[in-house]
Amino acid sequence: MHVTHRKRFISRDLVALAARSSQELAALSEQHYHDQIESIADEVLAAGQRIVMLTGPSAAGKTTSAHKIAGAIAARGHSSQVVSLDDFYIGEGKYPKNPDGSDDYESLEALDLERLHLCLKELYKTGICEAPVFDFTLQQPSGTRCIDARGGVVIIEGLHALNPALTEELPAGAALCLYAGLREEYADSSDACCLATRDIRLARRIVRDYLFRGHGAAFTLGLWGHVCAGEERFIKPYKPRANLLLDTTHTYEVCLWRTVLDAMPADPELTPVQARQLEALRAKFDAFPALGTELVPQNSLLREFIGK
């Protein structure tokens, strides 16, 4: 069975009203996400497949979600592990090229498909495989780790996870497909969309890139067009394959991002066009009441983006 991922519109005024009780709004948002994690863990175990393929667009929180689902499965007494498709990168000097000559990290051919197919077949047949570990500093594979999913589940997460080319050498139905993404968009007083899920993901990505990857806003904004194009090419066509959906929306976060973005130091590398893009993004969040990050629990998915 496959499911449909539809957006839902929330009134900006309704969010402003709910934000008057900020702690309650934050707790409700967190509980909504937590309940989905628990429900998906139950559904994964009930389905009986050993392999779960999880994808979602950039900054949807798929990595954190994969680990939270794995944790919920472990809490039910079953082994669970997470494998990132990024560990199957083929490495520097072997990547396909973009038209401008730069390395193309988004395409399927950037992965070592032969090794990935071997790992998936071994997991399906025996529950055990030796998965590569990729060193992002060296930009090369560096060692392996044993994945033991006997009596449990392994979650494979990444951009291409729902692409049937990954599981084509497995029997039909051998893997359960899961899509993680944001569902809430926000409407102004005239019912026009004033904040899209892509805007929220861009704010998440800008802040995460700065805090954890050493990149300023100019880098993220410069890359964002390629990222979105990759999602259209490599994720959207396979979204209908999803058996389960996870909504990673946290309603109260729209009240956090202006504060967080304003706390970032100015990036001298911003072009005039990028500076206008960043200010336009800030202005979209400025229409919501400002809340502080102290509301965010330490175990929240949002900490993947805003830090501890």
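A residue counts as buried when its relative accessible area is under 20%. Keep that cut-off in mind as you move through this predicted model.

**Stop 1: glutamate 185.** Select glutamate 185, which sits in strand E8 (residues 184-187). Its relative accessible area is 11%, so glutamate 185 counts as buried. Now show its side chain: it reaches the backbone nitrogen of threonine 197 at 3.1 Å. Which residues is glutamate 185 in contact with, leaving aside its neighbours within four places in sequence? Select Lys7, Arg8, Phe9, Ile10, Cys193, Leu195, Ala196 and Thr197 to see them.

**Stop 2: the largest pocket.** Next, look for a space of about 1,500 Å³, the largest pocket. It is lined by 47 residues, and those closest to its centre are Tyr89, Tyr105, Glu106, Arg205 and Arg213. Colour helix H3 (62-75), helix H6 (197-213) and helix H7 (217-234), the elements that each give two or more residues to this lining. H7 gives the most, with nine residues. By type, the lining of the largest pocket divides into 17 nonpolar, 14 polar and 16 charged residues.

**Stop 3: the second largest pocket.** This one holds about 250 Å³ of space. Among its 14 lining residues, select Lys7, Pro57, Tyr179, Arg201 and Lys239, which lie nearest its centre. Strand E7 (175-181), H6 and H7 each give two or more residues to the lining here, and the largest share, three residues, comes from H6. Four of the lining residues are nonpolar, three are polar and seven are charged.

**Stop 4: salt bridges of helix H6.** The whole structure has 16 salt bridges. Start with aspartate 199 and lysine 284, whose closest N and O atoms are 3.2 Å apart. This pair links distant parts of the chain, with aspartate 199 in helix H6 and lysine 284 in helix H9 (residues 272-286), 85 residues apart.

Then pick arginine 208 and glutamate 304, which meet in a salt bridge at 2.8 Å, N to O. Glutamate 304 belongs to helix H10 (residues 303-306), 96 residues from arginine 208 in H6. Both arginine 208 and glutamate 304 are buried.

**Last stop: a network.** Finally, select Arg258, Asp262, Glu279, Arg282 and Asp286 together: salt bridges link them in a network.

Notes: Residues are numbered from 1 along each chain as its sequence is written. This is a predicted model: local features need pLDDT of at least 70, side-chain atom pairs count only at pLDDT 80 or more; totals for chains, interfaces and linings use all residues. Side-chain values use heavy atoms; hydrogens and water are left out. On a 1 Å grid over the protein atoms alone, a cavity is a set of points where a 1.4 Å probe fits but cannot get out, and a pocket is an open set with protein on both sides within 12 Å along at least five of seven lines; lining residues have an atom within 4 Å of a point. Grid points are joined across faces, edges and corners, and a volume is the space filled by probe spheres set on the points. Helices (H or I, at least four residues) and strands (E, at least two) are DSSP runs, numbered from the N terminus. Ala, Val, Leu, Ile, Met, Phe, Trp, Tyr, Cys and Pro count as nonpolar, Asp, Glu, Lys and Arg as charged, and the others, Gly among them, as polar. Buried means under 20% relative accessible area, exposed over 50%, partly exposed in between (1.4 Å probe, protein chains only). A polar contact is a pair of N or O atoms within 3.5 Å; within protein, one must be able to donate a hydrogen and the other to accept it, and residues adjacent in sequence count only if both atoms are side-chain atoms. Contact means heavy atoms within 4.5 Å. A salt bridge is a side-chain nitrogen of Lys or Arg within 4 Å of a carboxyl oxygen of Asp or Glu.
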